[in-house]
Amino acid sequence: MAGLRTERLVLRRWQDSDLEPWAAMNADPEVREHLGDLLTREQSDASVARFQAEFDQRGYGWWAVQVRATGGFIGFAGLDRVDDGMPFTGVEIGWRLARPAWGRGYATQAALAGLAFGFEALGLPEILAVTTAANLRSQAVMRRIGMTRDPADDFDDPAAPEGPLRPNVLYRIARGAGS
């Protein structure tokens with residue numbers, strides 16, 4: 001699968017040149033605020049190896065995201081199976097961008113491309129999104145792409161330690177719904 005293109009972005013397979021900026025993102029406390037501990041370079045590189053292997057196995061996953069105009073890597077976006085042990089199953093959409101890319105509409109544009117791919121190419125009936133209850137920026141993106149939240153679906157992440165990363169919210173969108 002070649003990847004996805006939007007007006008301003010390219011969602012593509014990972015390249016060796018992405019490893020350094022990806023590691024920098026994973027070492028940034030603001031980027032990791034709602035995700036947990038900072039990652040070492042080795043952990044960051046291992047995550048990319050997992051992303052690539054999962055993509056090869058399933059034909060979808062986490063794409064590297066670059067800005068079309070500059071070719072610069074700004075983060076990741078895509079689709080993944082919900083982790084085992086969660087109180088629901090399905091495929092979730094997600095994104096993570098470097099701080100300089102925040103507030104420019106890139107997450108929304110990448111997420112809309114991911115939704116279209118999930119519904120049109122994969123034929124998914126529904127796509128989910130999960131974040132901490134405190135991550136208001138990601139929740140705003142979820143609403144902008146047409147997802148809705150039922151507070152009855154909110155949950156405590158069983159993999160998170162007690163504290164601000166444990167309370168999570170679940171957003172959903174069905175094929176044919178949304179913006």
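Reply: Happy to. One term first: a residue counts as buried under 20% relative accessible area, exposed over 50% and partly exposed in between, with a 1.4 Å probe and protein chains only. This is a predicted model, so local features need pLDDT of at least 70 and side-chain atom pairs count only at pLDDT 80 or more, whereas totals for chains, interfaces and linings use all residues. Residues are numbered from 1 along each chain as its sequence is written, and side-chain values use heavy atoms, with hydrogens and water left out.

Me: Good. Is Glu-162 buried or exposed?

Reply: Glu-162 is exposed, at 67% relative accessible area. Its side chain forms a salt bridge with Arg-166, with 2.6 Å between the closest N and O atoms. A salt bridge here is a side-chain nitrogen of Lys or Arg within 4 Å of a carboxyl oxygen of Asp or Glu.

Me: How many salt bridges does that rule give?

Reply: The count comes to 11. One of them joins Glu-20 and Arg-41, at 2.6 Å from N to O. Glu-20 sits in helix H1 (residues 19-26) and Arg-41 in helix H2 (residues 41-58), so this pair ties together parts that are 21 residues apart in sequence. Helices (H or I, at least four residues) and strands (E, at least two) are DSSP runs, numbered from the N terminus.

Me: And what about Arg-172, which residue does it meet?

Reply: Arg-172 meets Glu-126 in a salt bridge of 3.1 Å, N to O. Arg-172 belongs to strand S9 (residues 167-174) and Glu-126 to strand S6 (residues 126-132), so the two link parts that are 46 residues apart in sequence. Arg-172 is partly exposed at 26%, and Glu-126 is partly exposed at 30%. Salt bridges with shared partners also join Glu-20, Arg-41 and Asp-45 into one network.

Me: Switching topic: how many residues are in the largest nonpolar core?

Reply: That core has 34 residues, and those with the most contacts inside it include Leu-9, Leu-11, Trp-95 and Met-147. By a nonpolar core I mean a set of buried Ala, Val, Leu, Ile, Met, Phe, Trp, Tyr and Cys residues joined through side-chain atoms within 4.5 Å. Among the elements giving two or more residues to this core are strand S2 (9-12), strand S4 (73-81), helix H3 (106-121) and S9. H3 gives the most, with 8 residues.

Me: Which residues does Leu-11 touch?

Reply: Leaving out residues up to four places away in sequence, Leu-11 touches Gly-3, Leu-4, Trp-63, Ala-64, Val-65, Ala-77 and Ala-110. Contact means heavy atoms within 4.5 Å. There is also a second, separate core of 12 residues, including Val-48, Phe-51 and Phe-73.

Me: Now the rings: how many aromatic pairs are there?

Reply: The search of the whole structure finds 10. Trp-14 and Phe-73 make a tilted pair, 5.6 Å centre to centre with 50° between the planes. The two lie 59 residues apart, Trp-14 in the loop between S2 and H1 and Phe-73 in strand S4. Both count as buried, with Trp-14 at 8% and Phe-73 at 15%. Then Trp-22 and Phe-51 make an edge-to-face pair, 5.9 Å centre to centre with 70° between the planes. That pair links helix H1 to helix H2, 29 residues apart.

Me: What's the cut-off for those pairs?

Reply: Rings of Phe, Tyr and Trp (its six-membered ring) pair if their centres lie within 6.5 Å; planes under 30 degrees apart count as stacked, over 60 as edge-to-face and the rest as tilted. Trp-14, Trp-22, Phe-51, Trp-62, Phe-73 and Phe-76 form one aromatic cluster.

Me: Back to H1, which of its residues are buried?

Reply: Leu-19, Trp-22, Ala-23, Met-25 and Asn-26. The buried residues of H1 pack against H2, S4 and S5.

Me: Last one: where is Asp-37?

Reply: Asp-37 is in the loop between H1 and H2, and at 65% relative accessible area Asp-37 is exposed.
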